[in-house]
Amino acid sequence: DLERTLHYCLESLAIWRELGNPRGIADTLLSLLFAMLPRPEQRQRARAAGEESLRRYRALRDPRGEALALTGLGVVASLDGDFGQAVTLHEAALDLARRIDDRSTEARVLGNLGATELDRGDLARAAELLAHAAHAFTELGNPDGIASALEALATLRVKQGDDARAARIVGAAAELRERLAIPVPTESQTRQAEMTETLQRRLGDRYDVLLREGAALSPEAAIDEALARTAAPPASDPLAAALQGLDDLLGLPPTRGEGDSAAHAVVE
C-alpha cells in the first residue's frame with residue numbers, strides 16, 4: 001500500500017525535522033527508497049530519496065547507513081538494467097561493510113550483488129556471492145536473508161537447467177517464509193514469479209511433488225542442496241548432451257531416459 005507508506009514516512013520526516021534529528025531523516029529517506037523502488041513509475045523518486053539519504057549518512061559519518069544507501073541505489077540501477085553501475089555501487093557498499101566488520105550489512109550486500117550478477121548473466125560469480133550470502137545469513141540466524149538467498153540460488157539453478165533442484169529449493173524457501181510469516185521482498189517478486197512460471201511449465205505435475213520435497217528440508221539442508229555440484233553429461237554420450245541443450249533451448253523438461261540420466265547426477 002504505497003499511499004499509506006508514503007503518508008507515514010512523510011509524517012515521520014516532519015517529526016524528525018521538528019526534532020532536528022538528522023539520523024531519523026536519513027533513515028526515513030532510506031525507507032522511502034525501498035518502498036518506491038519496485039514501482040517503475042516511482043523509480044526516479046526512489047533514486048532521489050536514496051541519493052539524499054546517502055548524502056546525509058556521509059555528513060553524519062555513518063558508514064553502515066552509507067553502505068545501505070549505496071546498495072539500495074545499486075538495486076535501483078539493477079532494476080533499470082544498468083548492471084555495471086549496480087555492481088559498482090554494491091561493491092562500494094561491500095567494501096564499507098567489511099571495513100567496519102558489519103556482518104549483517106555485508107550479508108545483505110552480498111545477496112544484492114549476487115542477484116545483480118545473476119541478472120546480467122555472470123552465473124559463476126553469482127553462485128560464489130550467493131553462497132557467501134547464504135552462509136552468512138545462516139551464521140546470523142536471519143531467516144529472511146536465508147529465504148532470499150535460497151530464492152536467488154533457485155533462479156541460478158533454473159538458468160543452469162537444473163529444474164528439479166530449483167523446485168526443491170523454492171519449496172524450502174516458501175516453507176520458511178510461510179512458517180515465519182516473512183513476505184517476499186517487493187523488489188524480488190517479479191523475478192520470483194518468472195522463475196515459478198518457468199518451473200511449472202518445464203516440470204508440469206512434478207513441480208508440486210518437488211515443492212513438497214523441498215518443504216521438508218531444513219534451511220541448512222536446503223542451502224546444501226542449492227550449492228551441491230551437478231555433473232555435466234558424459235563426454236562419451238554426445239547425443240545426450242546435444243539433446244539436453246535442445247531441451248534447454250526449447251524450455252522442455254529434462255528427460256530421464258536411457259543414456260541421459262547421468263546428466264543430473266549430483267557430485268558430492
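The model is a predicted one, in which local features need pLDDT of at least 70, side-chain atom pairs count only at pLDDT 80 or more, and totals for chains, interfaces and linings use all residues. Residues are numbered from 1 along each chain as its sequence is written, and side-chain values use heavy atoms, with hydrogens and water left out.

The axes of α1 (residues 2-19) and α2 (residues 22-36) come within 9 Å and cross at roughly 170 degrees; axes are lines fitted to C-alpha atoms, for helices over the stretch in contact, and angles between N-to-C directions run from 0 to 180 degrees. That makes α1 roughly antiparallel to α2, the word for angles over 145 degrees. On the α1 side, the contact (heavy atoms within 4.5 Å) is made by Leu2, Thr5, Leu6, Cys9, Ser12, Leu13, Trp16 and Arg17. From α2 come Gly24, Ile25, Thr28, Leu29, Ser31, Leu32, Ala35 and Met36. These residues divide into 10 nonpolar, five polar and one charged, with Ala, Val, Leu, Ile, Met, Phe, Trp, Tyr, Cys and Pro taken as nonpolar, Asp, Glu, Lys and Arg as charged, and the others, Gly among them, as polar.

A second pair is formed by α3 (residues 43-60) and α4 (residues 63-79), which pack at an angle of about 160 degrees with their axes 9 Å apart. They are therefore roughly antiparallel to each other, and α3 passes α4 in a left-handed crossing. Here Arg43, Arg47, Gly50, Glu51, Ser53, Leu54, Tyr57 and Arg58 of α3 meet Gly65, Glu66, Ala69, Leu70, Leu73, Val76 and Leu79 of α4. By class, this contact has seven nonpolar, three polar and five charged residues.

Turning to the whole protein, there are 13 helices and two strands, taken as DSSP runs numbered from the N terminus (helices H or I, at least four residues; strands E, at least two). Of the 268 residues, 46% are buried, that is, under 20% relative accessible area with a 1.4 Å probe and protein chains only. The largest nonpolar core has 67 residues; such a core is a set of buried Ala, Val, Leu, Ile, Met, Phe, Trp, Tyr and Cys residues joined through side-chain atoms within 4.5 Å. Its largest share, nine residues, comes from helix α8 (residues 143-159). Leu30, Leu32, Leu33, Leu37, Leu150 and Leu199 have the most contacts inside the core. Beyond its neighbours within four places in sequence, Leu150 touches Ile169, Ala173, Ala222, Ile223 and Ala226.

How values were computed
Parallel < 35°, antiparallel > 145°, perpendicular 65-115°, else oblique. Left-handed = near helix turned anticlockwise from the far one by under 90°. Buried < 20%, exposed > 50% of the residue type's maximum accessible area, 1.4 Å probe, protein only.
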